[in-house]
Protein chains: 2
Amino acid sequence: MASSSDNTVFIGKKPTMNYVLAVVTQFNNGNRRVNVKARGRAISRAVDVALIAQRRFLPQVEIGGIEVMTEEVAVDDDERTNVSSIEIVLIGPDEP
Amino acid sequence: MASSSDNTVFIGKKPTMNYVLAVVTQFNNGNRRVNVKARGRAISRAVDVALIAQRRFLPQVEIGGIEVMTEEVAVDDDERTNVSSIEIVLIGPDEP
């Protein structure tokens, strides 16, 4: 059984299709729920990843919810800044 | 009474705080619901705008919902491409 962190895809600076493939692979491995997470500028890419994965490869998968948050990150030893983050939950169909 | 398009703030390439001010102004003008919309790379900024407006200026306002969509846009006379978009709905408190 997959642990809860296994089914999260963190979006970084790689090409969008790398992350789309990661999402599709998670569903093909039997996960019924995949979280797509991103911070800062990668948020736009996370939305692309979720929509492309769903439209092109996973027509039965639906967006189960979207949350946005503010996270505090350390930019230096004594400096902290706020960054926005997003979590998009993709939900697959019930098992037959 | 404001028409439905009046309470939408479209996010473009201006500084984030310009759009935050626009959102805050909409609420101060009596709107109880403001939509923050963006496409493509501006999606990240839209999330920033919604969260900064809420956290810093509008503590009673809540995120009522977030939707992401794929839109088809014309890049040329005979070429069309897909672009992701987001709509974040901010909801103010009920009138006293």
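Biologist: Which residue is the bridge partner of A:Asn35 in β4(A)?

Modeller: This is a predicted model, in which local features need pLDDT of at least 70, side-chain atom pairs count only at pLDDT 80 or more, and totals for chains, interfaces and linings use all residues. Residues are numbered from 1 along each chain as its sequence is written, chains are lettered from A and ligands numbered from 1 in the order in which they are written, and side-chain values use heavy atoms, without hydrogens and water. Strand β2 (residues 33–39) of chain A runs antiparallel to β4(A), joined to it by seven bridges; strands are DSSP runs (E, at least two residues) numbered from the N terminus, and two of them pair if DSSP finds at least two bridges between them. Within β4(A), the bridge partner of A:Asn35 is A:Val89.

Biologist: Which residue stands opposite A:Val73 in β4(A)?

Modeller: Strand β3 (residues 62–76) of chain A is joined to β4(A) by 13 bridges, and the two run antiparallel. They form a hairpin with two residues between them. In β4(A), the residue opposite A:Val73 is A:Thr81.

Biologist: What is the order of the strands in the open sheet of chain B?

Modeller: In chain B, β2 (residues 33–39) and β4 (residues 79–91) pair in the antiparallel sense over seven bridges, and B:Val36 has B:Ile88 as its bridge partner in β4(B). The open sheet has four strands with mixed pairing, in the order β1-β2-β4-β3. Its edge strands, each pairing on one side only, are β1 (8–10) and β3 (62–76).

Biologist: Is A:Ser84 buried or exposed, and with which side chain of chain B does its side chain make a polar contact?

Modeller: A:Ser84 lies in strand β4 (residues 79–91) of chain A. Buried means under 20% relative accessible area and exposed over 50%, with partly exposed in between (1.4 Å probe, protein chains only), so A:Ser84, at 5%, counts as buried. Beyond its neighbours within four places in sequence, A:Ser84 is in contact (heavy atoms within 4.5 Å) with residues including A:Met69, B:Val47 and B:Leu51. A polar contact is a pair of N or O atoms within 3.5 Å, where within protein one must be able to donate a hydrogen and the other to accept it, and residues adjacent in sequence count only if both atoms are side-chain atoms; the partner here, at 2.4 Å, is the side chain of B:Asp48.

Biologist: Which residue of chain A comes closest to the rotation axis?

Modeller: A rotation of 180° with 0.0 Å of shift along its axis superposes chain A on chain B with an RMSD of 0.0 Å, by least squares on the C-alpha atoms of residues with pLDDT of at least 70 in both. The two copies are thus related as by a two-fold rotation axis. Because 100% of the interface residues of chain A are also interface residues in chain B, the copies meet through the same surface. At 2.6 Å (C-alpha), the residue of chain A closest to the axis is A:Ser44.

Biologist: What separation is there between the C-alpha atoms of A:Gly92 and A:Arg45?

Modeller: A:Gly92 belongs to the segment after β4 of chain A and is buried, with a relative accessible area of 6%. Leaving aside neighbours within four places in sequence, A:Gly92 is in contact with A:Phe27, A:Arg32, A:Gln60 and A:Val61. A:Arg45 is 47 residues away from A:Gly92 along the chain, and their C-alpha atoms are separated by 21 Å.
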